[in-house]
Structure formats: structure tokens, C-alpha cells
Amino acid sequence: MAKNKLKKTYNYLAKRLKGLEPEAVIILGSGLSGILSDVDSLKKIPYSKIPNVPKPTVSGHQGVLDIIRYQKKTVAVMRGRFHVYEGNHPDDTVRLLRALVLCGVKNAVLTNAAGSTSLKHKPGDMLLLKDHINVTALTPLSSDEARSLGTTFVDVSEPYSLKLRSKIKSIAKKHKVKMTEGVYAWMTGPQYETAAEVRMLNKHGADAVGMSTVAEVLALRQLDVDTACISTITNYGTGVIKGRKLSHEEVKIVAKKMQASLDKILKSLIASL
Ligand code: HPA
């Protein structure tokens, strides 16, 4: 590993996680920080203590790395994530994730809040991602830090693991939670999209739109980590319903209502890893 910011983050975490090395990571997005909070927590590390990791600025994101133990599995739960719309370089948004992978993480399950680009997916629906469109054209793979980790010419023909997707689909079915598969478009934000942008995204095959996740998926693919993402549809994208205005408050309220079913799904998934 090259001498870079990542090395410092990794050294700190490796020391703190000695004997508690997580085998999986779960990232909880906007309004979802309360998931998996009733399970044994082995250690909680505020992001503010971890070197070279940005400070979260978004309400609804706790900013804590929670190492939990459930069904004999040790899992790193990131309660809150980092975004480029907070002024972070894509590298900074994935550094904690990269350090966790260097500590032994093999599977990643990401969650987020997203807007639906059409009437096909409604607020309250869960969308299991099968692919994404990187509208931002930003990447965490163009840096020295990324090159220090191996080739950056990463294959992304299967960004979301078929194996994990199939497990998640059958778990959702068992818990009678409606979940369909779809494509996510990454916009930088923090402003929501215009109605014309949402129409364009839908025309080009995006079912949902959000401001996160894709940089993480690219970093995880480089490191060969099996990755899945469940989007909670919190609202219709701008213009899908004429005259409707969007707000971060609404996004957080709807995501919060979906926490209970997502909690059940994630627990079953951890048990099956
Ligand atoms: N657009 C972008 N990001 C989002 C949305 C949206 O409509 N809803 C939740 N996150």
C-alpha cells in the first residue's frame, strides 16, 4: 500500500478492530441510521475520531462506525456516509470503506434514499439495484490512492453481485416485502433534479435517482468485494407528479418509515452470509 492518507486510516482502524475484524459492511443512508440498533454492539467509533475521514454535514446521517455482532457474524455498520455534494473528493468519500476492506470485509450491502423517475416505483417501495448510470462522471478510481490498490481499469459488467441479489430477493419474498430490481442514476446534488433532468434519466433507463452510492460501488468493485444496494424510494422525482416540491425532510420521514422492513431484511441477510 502506498504511503498515503489511506494508510493512516487503515492503521488506526486495524488497531481499533484487532480481534473484531468485520466480514461485511453495511452502509445506512439518509433517514436509515436507526437500523440494526437493537443488536450487540462491540464498538462504536465516531467518524470524527478516524484520521482522514470527512466530517458528515448532513442531518439524518449519524456519523458513527458501529461494529456489531449478530448471528455469530461481525459486521461494520456505517451509520451515515460521505458525499461529494458536501465538498469531498470522491477518494475522501470512500476512504473509510477502503480501510474496512483492507481490514477483511468481503461483502458490502449499501442502502440509500432515492427518488423515482416515473410512476412505476412509488414512495415506500424498495428497489434492488441491478445497475447504475454515473451521470456525474466522477470516480474514486482516478487517484494515486486508487492506483496504490491495484488496477484501476475495473470491470463493472456486474456492479451488483448476482449472488447477493438473489439472496436478498428471496429474503424479501419470505418477509413479504415488495422489492423490484432497477437502475440507479447518480447525480451530484445537493440540489434535487429539474423535471427535465428526471425525464432525461427515465428515458435513458434510470428507475431511481440519488446523490450517493456509485463512488462506493466503484471502490468496492476495484477491491473485488461482493456488493449489493437496496434503494428506499422516498419520493417521486421532480415533475413526475406535476407541482410537487421536494424536501430533505420528506425524504427522511419516508425513509424512517421503511426502517423496520429493511432491518428485517438486513438481519436475515447477515445470518445468511
Ligand atoms: N433526487 C436525488 N436524490 C434523492 C432523491 C431525489 O429525488 N430522493 C432522495 N434522494
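1. Helices and strands here are runs assigned by DSSP and numbered from the N terminus. With that naming in hand, let us start at one residue of this predicted model. His121 sits in the loop that runs between strands β5 (107-116) and β6 (126-134).

2. Is His121 buried or exposed? Its relative accessibility is 3%, and a residue counts as buried when that value is under 20%, so His121 is buried. The side chain of His121 makes a polar contact of 3.5 Å with the side chain of Thr180. Beyond its neighbours within four places in sequence, His121 is in contact with Ser116, Leu127, Thr180, Asp207, Ile233 and Tyr236.

3. One of those partners deserves a visit of its own. Ile233 belongs to strand β9, and Ile233 is buried, with a relative accessible area of 0%. Once residues up to four places away in sequence are set aside, Ile233 touches Ala114, Ser116, His121, Lys122, Pro123, Gly124, Asp125, Leu127, Ala208, Val254 and Met258. Ile233 and Asp207 are 26 residues apart in sequence, while their C-alpha atoms are 10.0 Å apart in space.

4. Now step back to the whole chain. How many helices and strands does the protein chain have? The secondary structure comes to eight helices and nine strands. The radius of gyration is 17 Å, close to the 19 Å that the globule rule gives for 273 residues, so the chain is as compact as a globular protein of that length. Along the principal axes, its C-alpha atoms fill a box of roughly 55 × 40 × 35 Å.

5. Of its 273 residues, 56% count as buried. Among contacts with a separation of 6 or more, 83% are between residues 24 or more positions apart.

6. Next, the empty spaces. Rolling a probe the size of a water molecule over the atoms shows where empty space is left. The largest pocket has a volume of about 330 Å³. Its lining has 24 residues, and Ser30, Ala113, Tyr192, Met211 and Val251 lie nearest its centre.

7. Which element gives the most to the lining of the largest pocket? That is β5, with four residues. At least two residues each come from β5, β8 (208-210), β9 (226-236) and α7 (248-257). By class, the lining of this pocket divides into ten nonpolar, twelve polar and two charged residues.

8. Val135 lies in the loop between β6 and α3 (144-147). With a relative accessible area of 33%, Val135 is partly exposed. Leaving out residues up to four places away in sequence, Val135 touches Ala185, Trp186, Met187 and Leu201. Val135 and Val214 are 79 residues apart in sequence, and the distance between their C-alpha atoms is 9.9 Å.

9. Finally, a few backbone details to check on your screen. Gly189 and Pro190 are joined by a cis peptide bond, with omega about 0 degrees. Pro190 is in the loop between β7 (179-186) and α5 (195-203).

10. Where does Lys72 lie? Look in the loop between β3 (64-70) and β4 (73-79). Lys72 is not a glycine, yet its phi is positive, at about 65 degrees. Its relative accessibility of 71% makes Lys72 exposed. Asp224, another residue other than glycine, has a positive phi near 60 degrees. Asp224 is placed in the loop between α6 and β9, and Asp224 is exposed, with a relative accessible area of 59%.

Notes:
Residues numbered from 1 in each chain as written. Predicted model: local features only at pLDDT ≥ 70, side-chain atom pairs only at ≥ 80, totals over all residues. Heavy atoms only, no water. Buried < 20%, exposed > 50% of the residue type's maximum accessible area, 1.4 Å probe, protein only. Polar contact = N/O pair within 3.5 Å; in protein donor to acceptor, adjacent residues only side chain to side chain. Contact = heavy atoms within 4.5 Å. 1 Å grid on protein atoms, 1.4 Å probe; cavity = no way out; pocket = protein on both sides within 12 Å on 5 of 7 lines; lining within 4 Å. Points joined across faces, edges and corners; volume = space filled by probe spheres on them. Nonpolar A, V, L, I, M, F, W, Y, C, P; charged D, E, K, R; others polar. Rg over C-alpha atoms; globule rule 2.2 N^0.38 Å.
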